[in-house]
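Student: Please take me through one part of this model in close detail. I would like a single connected account of the contacts there.

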Amino acid sequence: MAWANVPVDTGSPTAGAVLLTGVPGSGKSTVAPALAARFDAAAHIEVDGLQELIVSGGRWPTPEGDREADRQLFLRARNACLLAGSFAAAGFLPVIDDVVVRRAHRDFYRAAFTAGPLHVVVLAPGAAKARERNLGRDKRLTTDWSPLDAVMRDELADEKIWIDNAELTVDETVDAVLSATGLRPPGP
């Protein structure tokens, strides 16, 4: 087979994607690759990494609000959905990891991901536990984002899948995600 003829898409896309969300320190960046590793073919899309692709003009969110940073939140969500759709078409389960605390942001993801169902999973260990985790990790945040927990609980109250992972191990959290979404990795 010549290189020009190598098919990329499998013809049998995956059963959608997972959007793993929560406030900084909720465990998304740890749980997402562990969840993806349970499947024979899966990809972890860390949305902060997409933001880091912006070489100049990039703006990170701030507690004070920044219209350009907000626009870039939606830009990176759109790019995450495009990438997730590409992975899904090629037979890989996309696991997107992003801080989504506002209804409009979540709804944007739902509208932008068109390659199947989007399983939204909110990791919610609570503000105190998220702050504790942020203080104890290598990836230091200069801002205390734990107040976003209250915003998220208000804005996303209608979301079906909430997992309190404050006292769960990574494996227990992955098991809870699989149980709540109904996704089934291949097993023995």
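Tutor: E155 counts as buried, because its relative accessibility is 18% and the cut-off for buried is under 20%. Keep in mind that this is a predicted model. E155 sits in helix α6, which covers residues 148-155. Leave out residues up to four places away in sequence, and E155 touches V101, R102 and R103. Take R103 from that list.

Now move to R106. R106 belongs to helix α4, residues 103-112. R106 has 4% relative accessibility, so it counts as buried. Its side chain makes a polar contact of 2.9 Å with the side chain of D158. Setting aside neighbours within four places in sequence, R106 is in contact with V100, V120, L156, D158 and E159.

Helix α1 (residues 28-37) and helix α7 (residues 170-181) have axes that come within 9 Å and cross at roughly 65 degrees. That angle makes α1 roughly perpendicular to α7. The crossing is right-handed. On the α1 side, the residues in contact are T30, V31, A34 and L35; on the α7 side, they are V170, T173, V174, V177 and L178. By class, this contact has 7 nonpolar residues, 2 polar ones and no charged ones.

Technical notes
Residues are numbered from 1 along each chain as its sequence is written. This is a predicted model: local features need pLDDT of at least 70, side-chain atom pairs count only at pLDDT 80 or more; totals for chains, interfaces and linings use all residues. Side-chain values use heavy atoms; hydrogens and water are left out. Axes are lines fitted to C-alpha atoms, for helices over the stretch in contact, and angles run from 0 to 180 degrees between N-to-C directions. Helices (H or I, at least four residues) and strands (E, at least two) are DSSP runs, numbered from the N terminus. Angles under 35 degrees count as roughly parallel, over 145 as roughly antiparallel, 65 to 115 as roughly perpendicular and the rest as oblique. A crossing is left-handed if the near helix is turned anticlockwise from the far one by less than a right angle, and right-handed if clockwise. Contact means heavy atoms within 4.5 Å. Ala, Val, Leu, Ile, Met, Phe, Trp, Tyr, Cys and Pro count as nonpolar, Asp, Glu, Lys and Arg as charged, and the others, Gly among them, as polar. Buried means under 20% relative accessible area, exposed over 50%, partly exposed in between (1.4 Å probe, protein chains only). A polar contact is a pair of N or O atoms within 3.5 Å; within protein, one must be able to donate a hydrogen and the other to accept it, and residues adjacent in sequence count only if both atoms are side-chain atoms.
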